[in-house]
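This note is intended for a colleague who is meeting the structure for the first time. Please read the points below with the structure in view.

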Amino acid sequence: MRYLVLLLALLGCTNPFVVCTTDVHPAVAVDVRAAATGAPLAESAAGVLRDGAYVDSMRPWKLDNQLGGAFERPGVYSVEIQRPGYALWQRTGVRVRSGSCHVQTVTIRADLISEP
């Protein structure tokens, strides 16, 4: 039993009776859409997450239309999404908390407004 507790602690679990997976989760996942139509836009979009001095570029995440970043890092983030032909989308104060094994991913939707 002592070795099991040690192994789980090394895997990052705070509860020795919970078995944690080895996959990683983003702090923030953003579903990128066109505001006017709801069409998916993540394919050509770029995203940035900031928490104080920490900066991370977002990358495609599990769903085809999501960007994710700051993997396994709790914090309070500002989020920026850019895509050619669309205005910059921003959100601040996105709070991500630690879970028993992984961060509690916050999923938000970015409705991008096309530029004239």
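1. Confidence. The model is predicted. Its protein chain has an average pLDDT of 88, and 85% of the residues score at least 70. Residues 1-10 call for caution in reading, as the pLDDT over this stretch is below 50. In the model, residues 1-10 have seven contacts beyond near neighbours in sequence.

2. The open sheet. Four strands form an open sheet in the order β3-β2-β6-β7, and their pairing is antiparallel. The edges are held by β3 (54-57) and β7; each has a single partner strand, so one side of each lacks a neighbour in the sheet. From one strand to the next, the twist averages 20 degrees.

3. Strand β2 covers residues 46-51 and pairs with β3 over four bridges, in the antiparallel sense. Across this pair, R50 stands opposite V55 in β3.

4. In soluble globular proteins, nonpolar side chains tend to be buried together. Here the largest nonpolar core comprises 23 residues, and V28, V30, V32, V79 and I81 have the most contacts inside it. At least two residues of this core come from each of β1 (28-34), β6 (75-82), β7 (89-96) and β8 (106-112). The most is given by β1, with four residues.

5. The surroundings of V32. Which residues does V32 contact, leaving aside its neighbours within four places in sequence? They are A39, P40, L41, A42, A45, N65, L67, I81, A110 and L112. One of these, I81, is also among the residues with the most contacts inside the largest nonpolar core.

6. A residue in a loop. D64 lies in the loop between β4 (59-61) and β5 (66-69). Is D64 buried or exposed? Its relative accessible area is 79%, and D64 therefore counts as exposed, the cut-off being over 50%. D64 and V32 are 32 residues apart along the chain, and their C-alpha atoms are separated by 10.0 Å.

7. The disulfide. A search of the whole structure finds one disulfide. C20 is joined to C101, with an S to S distance of 1.9 Å. The link is left-handed, with -70 degrees about the S-S bond. Distant parts of the chain are connected in this way: C20 is in the loop between α1 (2-10) and β1, while C101 is in the loop between β7 and β8, 81 residues apart.

8. Burial of the two cysteines. C20 has a relative accessible area of 8% and is buried. C101 is also buried, at 18%, because the cut-off for buried is under 20%.

Note on methods. Residues numbered from 1 in each chain as written. Predicted model: local features only at pLDDT ≥ 70, side-chain atom pairs only at ≥ 80, totals over all residues. Heavy atoms only, no water. Core = buried A, V, L, I, M, F, W, Y, C linked by side-chain atoms within 4.5 Å. Buried < 20%, exposed > 50% of the residue type's maximum accessible area, 1.4 Å probe, protein only. Contact = heavy atoms within 4.5 Å. Pairing = 2+ DSSP bridges. Axes fitted to C-alpha atoms, helices over the stretch in contact; angles between N-to-C directions. pLDDT = per-residue confidence, 0-100. Disulfide = S-S within 2.5 Å.
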